[in-house]
Amino acid sequence: MSDSSTLPPARLRPEAELARDALSTPVLSRAARLARWAGPDTRVDAGGGLVEEQLPAAAELLGLTGDDAAAYASEAWRIAVDTGLVEITDEEEGTVTTGEDLALLTGGSPQDVLGVWLTALETVLADASVPDLDDLVDAMAEGGEVDLSSLGWDPESEAELLDGVLGNLYLLTVGEEGPDDTAVPLPALAASVIVPGDMTEPTNDVLEQVSDAMMRLDDQFRLLEPIGLVTYRPVDEALMTDADEEPAAPVDETDVARYGMVRLTPLGLYGLRTRLLEAGFEVPVVGDLADKGADALLDGTASFPPASAHAETELWLARREPLAAARELLAAARGSDPGAPLRRLRCQQALSLVGAGAEPALREVLGDAELGGLARVWLTEHGARDVPAPPQEMVFWLTIDTVAAQLAAEGNSEELRALVQGLARQHSGFFDTAWRVEHPATADVLEAMGRLHPDKKVAKEARKAAFKARSQQGG
């Protein structure tokens with residue numbers, strides 16, 4: 001799991017919609033039906049589970065058939081007890097009554113419903129970290145104790161593995177710029193917590209660990225789907241028919257899907273964010289900045305993925321008049337601190353979402369050394385008339401500022417490499433002038449251009465210009 005400061009913002013669905021999703025999950029809906037069915041004649045054993053004689057009736061009520069019907073009914077009952085939908089009124093007699101929380105599912109707020117669902121989720125997650133019950137029975141040692149070592153099972157490390165996988169799934173989901181239904185291949189998810197980050201070619205031992213983790217995760221995601229955390233396409237059982245044979249490596253997307261595909265649902269995203277929040281992580285949500293000032297918006301969205309920054313900015317703008325919003329954004333974009341270039345880039349992106357009503361604000365800053373360049377760009381793009389040509393020093397200042405912002409936003413990306421090559425190609429004497437630009441990032445930008453440009457001669461010119469800029473700053 002990455003450091004909390006790197007977590008992108010989650011785009012959550014409205015709570016009312018999430019609550020409806022929670023109520024329709026098989027796990028919670030079954031638990032609620034059993035809670036409404038429970039009455040004076042319902043009996044539980046010493047552990048709070050339904051007595052064996054009543055399991056057939058519970059399974060029938062839930063419409064469950066087959067060999068696993070009693071087990072599913074027993075699980076639904078345990079969820080009902082754990083979530084407070086039923087309460088054990090007399091432990092000695094083993095009698096129960098409807099719990100107070102059952103009323104929350106029909107008469108409570110969306111937050112109340114989601115609170116019950118989160119409790120059920122914790123129960124299911126705890127179950128998912130426990131090995132198969134048949135294995136536990138086989139592993140019973142003398143004296144009635146479970147010999148965990150014979151199972152090769154470490155409860156703590158098993159829970160950590162699942163938490164790590166779910167954390168990475170959360171990161172992949174909130175950082176995703178594509179459609180909501182993008183699924184992650186199970187092998188990639190298993191590898192994300194097994195393969196060391198600095199390992200270029202996994203060893204056979206590591207690959208075997210990934211394969212073992214996949215099989216455990218396959219069982220776990222089958223358990224987590226009915227609570228609504230994920231949608232899951234299980235590993236194709238045909239791949240596991242011969243235990244002595246390693247399955248062939250996947251060759252295309254269709255083949256990869258046979259190894260398991262998992263996607264976090266909108267409800268699952270909400271659930272994992274809540275767990276991360278409770279674990280002490282900072283987990284931003286798109287919309288958190290909507291009622292804050294422009295300075296908080298520009299600084300806060302600096303590290304956001306493009307789609308998240310766009311969504312956050314739209315929510316911020318929706319609360320403001322275009323002209324007032326543009327003036328506030330421009331005022332917040334000023335500055336010579338290290339974060340200022342990226343702030344101005346975010347300002348430029350935000351202004352692109354403001355309509356023609358912002359024009360007076362842009363004209364007001366045409367003479368501003370820091371904002372005049374981006375103002376001219378905006379006015380030209382919006383078809384404004386009588387836009388004055390920028391002086392040469394402003395063009396070069398804006399160029400340095402733009403590259404500095406891209407460096408801060410993306411690092412040494414291919415897009416930045418292309419930008420650097422384009423600049424050097426368009427301006428034959430670019431470096432002769434660029435080192436004189438009075439911008440705090442001039443030397444850093446020229447050094448980066450020397451590092452990124454593929455032509456050795458041009459790269460050398462950039463490094464020499466960077467040296468001159470440093471000498472000028474030092475002087």
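How many bridges join β4 to strand β5? Four bridges join them, as View 1 shows. This is a predicted model, in which local features need pLDDT of at least 70 and side-chain atom pairs count only at pLDDT 80 or more, while totals for chains, interfaces and linings use all residues. Residues are numbered from 1 along each chain as its sequence is written, and side-chain values use heavy atoms, leaving out hydrogens and water.

**View 1. An open sheet of three strands, in the order β3-β5-β4.** Pairing here is antiparallel; strands (DSSP runs of E, at least two residues, numbered from the N terminus) pair if DSSP finds at least two bridges between them. The edge strands, β3 (184-185) and β4 (230-233), each pair on one side only. Look for T231, which stands opposite R263 in β5.

**View 2. The largest nonpolar core, with 73 residues.** Such a core is a set of buried (under 20% relative accessible area, 1.4 Å probe, protein chains only) Ala, Val, Leu, Ile, Met, Phe, Trp, Tyr and Cys residues joined through side-chain atoms within 4.5 Å. Helix α6 (residues 110-128; helices are DSSP runs of H or I, at least four residues) gives the most to this core, with ten residues.

**View 3. H439 in the loop between α22 (430-434) and α23 (442-452).** H439 is buried, with a relative accessible area of 4%. Its side chain joins that of D401 through a polar contact of 2.7 Å (a pair of N or O atoms within 3.5 Å; within protein, one must be able to donate a hydrogen and the other to accept it, and residues adjacent in sequence count only if both atoms are side-chain atoms).

Technical notes. Buried < 20%, exposed > 50% of the residue type's maximum accessible area, 1.4 Å probe, protein only.
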